[in-house]
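Thanks for making time this morning. I would like to go from the overall fold to one annotated position, giving the cut-offs as I go.

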Amino acid sequence: MKKVYLIGFMGSGKSAIGKRLSNLLNLPFYDMDTEIAKKTGMTIPQIFETYGEEKFREMETDFLLHFPDEYCIIATGGGVAMRAHNREIMRATGLVFFLNSTYRDIWRRVSTDKNRPIVQRSTREQLEALYHKRKPLYLECAQFKVETTGRSLNEITQYIA
Ligand code: S3P
């Protein structure tokens, strides 16, 4: 079990907590979106626009499949746990933590974000429906559920560590 995967909806704090966890545990940190952007030389909105969402989902699986066998912390993209294959890879290669936030918190954090294509194309209600659709899959995938509401980033990090 070499990796710690942080999963959860957009805006649940995966990257912010991942960075803190990486400092605390002295392990390298990788943000999947950042790695995919680096590899393609494109931003996530550009990838969605040029190749479409399905191709982006393949890039996510590709990242998980070919990531070096090392101890590290990985902040996944919010859609990664949607594919059964991705869930299997994560559980087989690491410990999976689901960061659970209320939809109210999520919306407050992501609604004005221009870098998240899924948010850009959704109404508040559509995004909420996606949030409810994905939640059982996060729960199915994760070995640990972490409540984030009402806790500071440092408290959540300490709890996971
Ligand atoms: C997505 C979440 C994003 C990014 C892409 C799609 C999703 O990552 O991978 O915009 O489908 O939920 P974050 O969860 O880091 O925002």
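I will begin with how the model was made and numbered, and then move to the fold.

This is a predicted model, in which local features need pLDDT of at least 70 and side-chain atom pairs count only at pLDDT 80 or more, whereas totals for chains, interfaces and linings use all residues. Residues are numbered from 1 along each chain as its sequence is written.

The protein chain has nine helices and five strands, where helices (H or I, at least four residues) and strands (E, at least two) are DSSP runs numbered from the N terminus. Read from the N terminus, the order of elements is β-α-β-α-α-α-β-α-β-α-α-α-β-α. The radius of gyration, taken over C-alpha atoms, is 15 Å, close to the 15 Å that the globule rule (2.2 Å times the number of residues to the power 0.38) gives for 161 residues, so the chain is as compact as a globular protein of that length. Along its principal axes, the C-alpha trace spans about 35 × 35 × 25 Å.

As for contacts, meaning pairs whose C-beta atoms, placed from the backbone, lie within 7 Å, residues 24 or more positions apart account for 80% of those with a separation of 6 or more.

Now to the annotated position: UniProt, in an unreviewed entry, places the feature "binding site" at S15, in the numbering used here, with the feature name shortened, and such annotations may be inferred rather than shown by experiment. S15 lies in helix α1, residues 14–25, and, leaving aside residues up to four places away in sequence, S15 touches D31 and A75.

Terms used:
Two residues are in contact if their C-beta atoms, placed from the backbone, lie within 7 Å.
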